[in-house]
Amino acid sequence: MKIKINDDLKNILPKFQVIAYTMDVDNLKTKEVENKLEEIKQKYFNIDMLPNVVSIPKIKESRDGYKKLGKDPSHTRLACEALYRRVLKGDGLYRLGDIIDLGNILSVEIKRSVCVVDADKIESDVLIRIGNKEDIYYRKKSVGFKICKSNSSGQDNNTVKGDGS
């Protein structure tokens, strides 16, 4: 499988990068990851950062990227920002399964959005592009100009249905 970033997206966000890893794992719910989730909750809870989240350099940089794409990051939050805000408020991270949970923990720790997908469900190369109003984000309404991924033929790729352009 190849992963390509569309030229339109690269022109607007020249520093945009993607890192991809594949591995064979079982998505269990282990006590070790549950303990790590609690550790993250305790580490960040009650830090007086909530009003200043938008000024954290990595989050600010990503929010600026959203703005360049025409999205309001206060209305459509970055995944890492939403998760970070949860732990600051003491809500902790959702318990979904070790693999997704570890992605969420990593997202909070590095202040970057981390996407975990089942590679077996991706049937072709992946094109990361700017979404359009016709795209339907999995279980959500139209994404407008949000960054999304689709396979090269435009078929549903766990995340988006669209024309693949």
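In this predicted model, helices α4 and α5 are roughly perpendicular to each other, and this follows from the crossing of their axes at roughly 85 degrees, an angle that falls in the range of 65 to 115 degrees. The axes of α4 (residues 79-89) and α5 (residues 98-110) come within 9 Å. On the α4 side the contact is made by Cys80, Leu83, Tyr84 and Val87, which meet Asn104, Ser107 and Val108 of α5. Five of the residues in the contact of α4 with α5 are nonpolar and two are polar, with no charged residue.

Helix α4 also packs against helix α2 (residues 31-44), where the two axes come within 7 Å and cross at roughly 75 degrees. That angle makes α2 roughly perpendicular to α4. Here Ile40, Lys41 and Tyr44 of α2 meet Tyr84, Val87 and Leu88 of α4. The contact of α2 with α4 comprises five nonpolar residues and one charged residue, and no polar one.

The structure holds one aromatic pair. A pair of aromatic rings is described by the distance of the centres and the angle of the planes. For Tyr44 and Tyr84 the ring centres are 5.4 Å apart and the planes stand at 70 degrees; the pair is edge-to-face because angles over 60 degrees are classed in that way. Since Tyr44 belongs to helix α2 and Tyr84 to helix α4, the pair ties together parts that are 40 residues apart in sequence. Tyr44 is buried, with a relative accessible area of 6%. Tyr84 likewise counts as buried, at 4% relative accessibility. Both values lie under the 20% limit for a buried residue.

A further ring interaction involves Arg86 and Tyr94. The charged end of Arg86 sits over the ring of Tyr94, at 4.1 Å from the ring centre.

The C-alpha atoms of Lys68 and Ile12 are separated by 7.0 Å, although the two residues are 56 residues apart along the chain. When residues up to four places away in sequence are not counted, Lys68 touches Ile12 and Leu13. Lys68 counts as exposed, because its relative accessibility of 55% is over the 50% limit.

Key: Residues numbered from 1 in each chain as written. Predicted model: local features only at pLDDT ≥ 70, side-chain atom pairs only at ≥ 80, totals over all residues. Heavy atoms only, no water. Axes fitted to C-alpha atoms, helices over the stretch in contact; angles between N-to-C directions. Helix = DSSP H or I, 4+ residues; strand = E, 2+ residues; numbered from the N terminus. Parallel < 35°, antiparallel > 145°, perpendicular 65-115°, else oblique. Contact = heavy atoms within 4.5 Å. Nonpolar A, V, L, I, M, F, W, Y, C, P; charged D, E, K, R; others polar. Phe/Tyr/Trp six-rings, centres within 6.5 Å; stacked < 30°, edge-to-face > 60°. Buried < 20%, exposed > 50% of the residue type's maximum accessible area, 1.4 Å probe, protein only. Lys NZ or Arg CZ within 6 Å of the ring centre and 35° of its normal.
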